[in-house]
Amino acid sequence: MWRKRWMQWLTLWLGLGVVGGSVSVLLSAQGLTYAGFVLRHLTIGVCYLWLVGGIFALAQQRYVLWSVIHLAAGVVVGLLAMTFVLIHESSVMLFLLCAGVGIRSVVVVRAFTDRPSWRPMMVMLLGAFDIMVISEVALLIESDSLAIGLRGMYLMLASFLGGLWLIRLLLSLGSPVLGVARTLIDEAVRMKVALVFIVLILVIMPALPFANESNEALRYRIGTFLHWSLWSTSLLLGLMTVFLACGTICGEVRDRQIYLTMTKPVSRGQYLLGKWLGIALLNLLLICVSGAGIYTFARLMQGFEAINEYDKAMVYEQVLTARTSVIPQMPEGQSAEGLVNKQLQHVMQEQRYGESLLNNEQARKEAFNLVIERWHTVPKGGSQTYVFTDLGSVRLREDVQTVQLLIKPSAMDLPDNGQITLKMKINGRPFAIPQTILHELVQVIEIPLWWINEHGWLEVQIDNEHISDVSFSPDKGMQLLYKTGSFESNLLRAVMMIWLQQCFLAMVGLMAGTLVTFPVACLFSMMIFLTAITSGFLTESLSEYAVHVDENATTWQTITQYTTTMWRHLGTGEYWKAVKVPIQVMAEAAVVLVPSFAKYNPAPLVAEGKLVTDKLMGEAVLFVGLVWTGLTGLIGYLIFRKRELARVTL
Amino acid sequence: MAKSQQLADLTTKSPTVPENIVVKCTRLTKVFHDFWFRNRVRAVDEVDLDVRRGEVFGLLGPNGSGKSTTIKMLLGLLHPTSGRISVFGKRPDDVAIKSQIGYLPEESYLYRFLNARETLEYYGRLFHQSRTQRQVRIDKLLKMVGLEGVQRRSVGEYSKGMQRRIGLAQALINDPQLLILDEPTTGLDPIGTKQIKDLILTLKQRGKTILLCSHLLADVEDVCDRVAVMYGGRVQRHGSVDDLLTQQNMTTLQTESLDAETLKQIEELLTRRGKHIEKIEQPRQKLETLFLDIVHEALSSGAATSGASSDGQIADFLVGEDRAAHLPESVEPEQVLDDLLGKPETKEKATPQPVSQPPVPQLSPAAVDQDVITDLAAETPGVNVNADPQPTTPKPKPTEVDHSVIDALTGNQPDTTNNEETAEPASGTSPAKKAKSDNERSGQGFDNASGDVPNHDHNASNEEQSRGGSQ
């Protein structure tokens, strides 16, 4: 019985292959190369599918029906591919074809296997060939981006599934913490909430490089891609983490699955730890896959068309690299302190303040800002000097040829061509600026290494030959950059920092879930996270929101200030302004309580090719990873420990 | 560490609670508040409960009488408003004692996205069980509850009965000393109910303690030693089943069918003694028994079912090395084959122990030799005469059930088990089982189990067996 079936199946398979192959050869020989090519691929496809389908069908002993289905599906795929070749339709149609093929694979595989853990693997196996065929057809109709995008998508999905399998294997020991983590990962993958985000990440990423096919310089396009991809990864992962963390605990308490877990020898702390571990591992996997995807696509993009040779070179020098930035110092003979004192003396004389002004912090601060601003302005016909020190080690390096001077000049008056005329001297010798300087644009001037003197200094003197004053913005308008690391390691660091943020977010979600219901927990977690990310911006804007906060006032004075302001507004009938005061109080309390994550955001750093410094990484690991995550976990544990799981509120 | 050692450690730590008391509640009260913290419902009111080691304790009462609430407080899912609880001498919050407790909740609170196997793996991990240990136990448990064929389907797609079975499996995965069952038979069909009852009895024979909570009185009556009846949060009456139920002032005689003459003589005798007969009737079979008979016949004739099915063997790690108790269910051809070819897991030298050790699934060499020898010596080749003593009841009869309960209550060894041969190869199981089923149908009961299977039936069973094998 079995033997007969095997023979039938084998005969058919060989027959198909031989017939299809020979006909396609004949067609090509007759000059119908396209048809021959398509038929060849069609035959390969059908044979492959017959092979796979046949194995499953025989295993299931439902030979005839499922083999026929598989054959039909293979024929359909082949016909569609042929149609597109002949008609040269747009890439959208091909995308629809991919979706159809994917669905077909899933349906067939689901019918064949009843072990759910095998199905993704089987789908990937079937999908591999389909993807290859379709991307070849895409290349044929010169839709390169689609082909690359498809293959990238497939590879990311495959590596995600592979990583998932590995994680499941690692978590298969007999420990409560690992058991809880493993079940959480199963939940994330099988319950559609998390899966949606996973699929979004894996699908959006490959589409991003082709998102803006503009005529911008390649280096800006790559920079934009890096920024968008890191930012969207962070956002999507954040959403997934919040929904998963809040959902798992709230769901288990609401559906009472936690009864069965808590009546086993698992402590509450172990349970929470297991949940957090599961989310952290899942995030780690997704971050790695996304990171690999970003890296691959970035490297791919460097092969795209650049607008000129300079642009092409700059991609390596400025974007796909990791640079440290150095801010300038005042030249010898001048010091910021001295200038501040001078300025204060001047103010004292003019405005008749007393000696105490010299020690007044706020006055000193304002004076300092003024001094720096003045230093960063080159007066018309004059010059200013900026000294960059500590470059001794850079001078001796062999892997780089230049350091980069980054300037962002702005001028009051501009000629018609928008150019700013400047001359530069480095260490006393004239230096020819190779490009035109434009107003309000960040520009990079490459300075070869041998310009650095023996002391490791670069003394840059800017001579203003323009029609008006030229100023550079004080924080980022004048800095020196040099390469300190590779793009790969920098991306890895960036990705790790995103992961640390997600770990914190997961703990916040779990903590919220132990206390309140799912929607409230989600909102709370997202609010915390947003506050954390925008805390720098928030502090600034809050300082002027309703009441001007005087930094030097004592606590009591601040309180009286708030209350008097509110009372005054109430008195004059400006109720909205009065309400703004307690809002400001609450917002400021939130900002104080919540950690400031603004500086731990790596996306802009990577996009500009700047190094994610060790110091930053260390701080992130310590504060985000250990301190804040630990604190939140502790709070969650204390809440959860005392909670009556079976309580009903009447 | 041996279970008995663990238990000893657990209980000797608290000198105030005697060692044989597993659960002790003293003036236990639970009051539920509403959102404004006003006291609203007194769910459990001054309840005093003792559950002793090795007994089956029933907590009865109508819906809303506080049974489930008491159980949740025992498990640490709720905090009592006042009163004291001790489980194995410790507070219910203690994490270590949970490794000795198995809990079957009233509704199935399982993860819908896992399949049966993964569910049991998860709970096994929570007990720190290693992979091999989990593997072995899960296989046995799935077989016992009859979900082997559907173990790869997600639990969310199971029927209610199947979900209860998985719940039961997870309650038993750690071989608990205290099994807490909340409405175990609610929602099960009579077959399942019978299986649960037999399981409870078997576990009790092995020395486990079972706390049962139900409102299905007939089921409880058959298995419990002591009961407490709750209403309105209070324990209204408690005591042993015998004391509560036996009508002390009456006697029932049960004999073979009597003719009118004998009846008259008996009546005269009684009248002379000053008593009179209140009722003469022919006893009725319980509807449950009739139902099970019909199902068994249908199964034997090969009717298919797509739901759960069980080969009826209680997993041996729950009952120690003794031969497993047979529950009345489906006999599949594969099962017969497997049995004939010899499954290594069932038998070993049984030493009566209060606590079952994790099973060592091998046949001891002595057993094998003995079987081979008896096999060769037997008149009918291929059938082992020693192989028969089937523990219980492939076919339930009312007499059998009564026997087991009575035996258990009076502490006698039931006829089934360890008294006879210690070793029994699996090969003997099935044909003997078939032989037994034939015997049952012809009206011979439980007593046959002690071991003389009449020779003439062997031929019949051989034929049936070969029929089954060729399917």
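Trainee: Which helix of chain B holds both B:Glu121 and B:Arg125?
Mentor: Helices here are DSSP runs (H or I, at least four residues), and strands are runs too (E, at least two), numbered from the N terminus. B:Glu121 and B:Arg125 sit four residues apart, about one turn of the helix. An α-helix has 3.6 residues a turn, so residues three or four places apart point the same way. The helix that holds the two is α3 (residues 116–126).

Trainee: Before we go on, what do the side-chain values leave out?
Mentor: This is a predicted model, where local features need pLDDT of at least 70, side-chain atom pairs count only at pLDDT 80 or more, and totals for chains, interfaces and linings use all residues. Residues are numbered from 1 along each chain as its sequence is written, chains are lettered from A and ligands numbered from 1 in the order in which they are written, and side-chain values use heavy atoms, leaving out hydrogens and water.

Trainee: How far apart are the closest N and O atoms of B:Glu121 and B:Arg125?
Mentor: A salt bridge is a side-chain nitrogen of Lys or Arg within 4 Å of a carboxyl oxygen of Asp or Glu. Both residues are buried, where buried means under 20% relative accessible area, exposed over 50%, and partly exposed in between (1.4 Å probe, protein chains only). B:Glu121 and B:Arg125 do form a salt bridge, with their closest N and O atoms at 3.7 Å.

Trainee: And what is the N to O value for B:Lys194 and B:Asp198?
Mentor: This pair lies in helix α6 (residues 190–205) of chain B, again four residues apart. As for B:Lys194 and B:Asp198, their side chains meet in a salt bridge at 3.0 Å.

Trainee: How far apart in sequence are the parts tied together by A:Arg168 and A:Asp186?
Mentor: The side chains of A:Arg168 and A:Asp186 meet in a salt bridge of 2.7 Å, N to O. A:Arg168 lies in helix α6 (residues 144–170) of chain A and A:Asp186 in helix α7 of that chain, so the pair ties together parts separated in sequence by 18 residues.

Trainee: How many residues of α7(A) are buried?
Mentor: Helix α7 (residues 176–190) reaches 21 Å from its first C-alpha to its last, close to the expected 21 Å. The expected span is 1.5 Å times one less than the number of residues. The helix is largely enclosed by the rest of the structure, because its buried residues number 15 of the 15.

Trainee: Which residue with a positive phi follows α4(B)?
Mentor: Helix α4 (residues 131–145) of chain B has end C-alpha atoms 21 Å apart, which agrees with the span its 15 residues should have. Its buried residues include B:Ile138, B:Leu141 and B:Val145. With a phi near 80°, the residue after this helix is B:Gly146.

Trainee: Is B:Phe88 buried or exposed?
Mentor: B:Phe88 is found in the loop between β4 (82–87) and β5 (101–104) of chain B. It has a positive phi of about 55° although it is not a glycine. Most residues other than glycine have a negative phi. At 1% relative accessibility, B:Phe88 counts as buried.

Trainee: What relative accessibility does A:Glu440 have?
Mentor: A:Glu440 also has a positive phi, near 55°. Its place is in the loop between β9 (437–438) and β10 (443–448) of chain A. A:Glu440 counts as partly exposed, because its relative accessibility is 45%.

Trainee: Which residues gather in a patch of negative charge on the surface of chain B?
Mentor: Patches are made of residues with over 30% relative accessible area and no salt bridge, joining like charges within 9 Å and nonpolar side chains (Val, Leu, Ile, Met, Phe, Trp, Tyr) within 5 Å. One member lies in helix α9 (residues 260–272) of chain B. The residues in the patch are B:Asp259, B:Glu261, B:Glu267 and B:Glu268.

Trainee: How much accessible area does the nonpolar patch with A:Val627 have together?
Mentor: A:Val627 lies in helix α22 (residues 614–641) of chain A, and at 34% relative accessibility A:Val627 counts as partly exposed. Among the other members are A:Leu622 and A:Phe623. Accessible areas come from the Shrake-Rupley method with a 1.4 Å probe, with only the protein chains shown as cover for residues. Together the patch has about 490 Å².

Definitions and conventions:
Lys, Arg positive; Asp, Glu negative; His and termini not counted. Charge placed at Lys NZ, Arg CZ, Asp CG, Glu CD.
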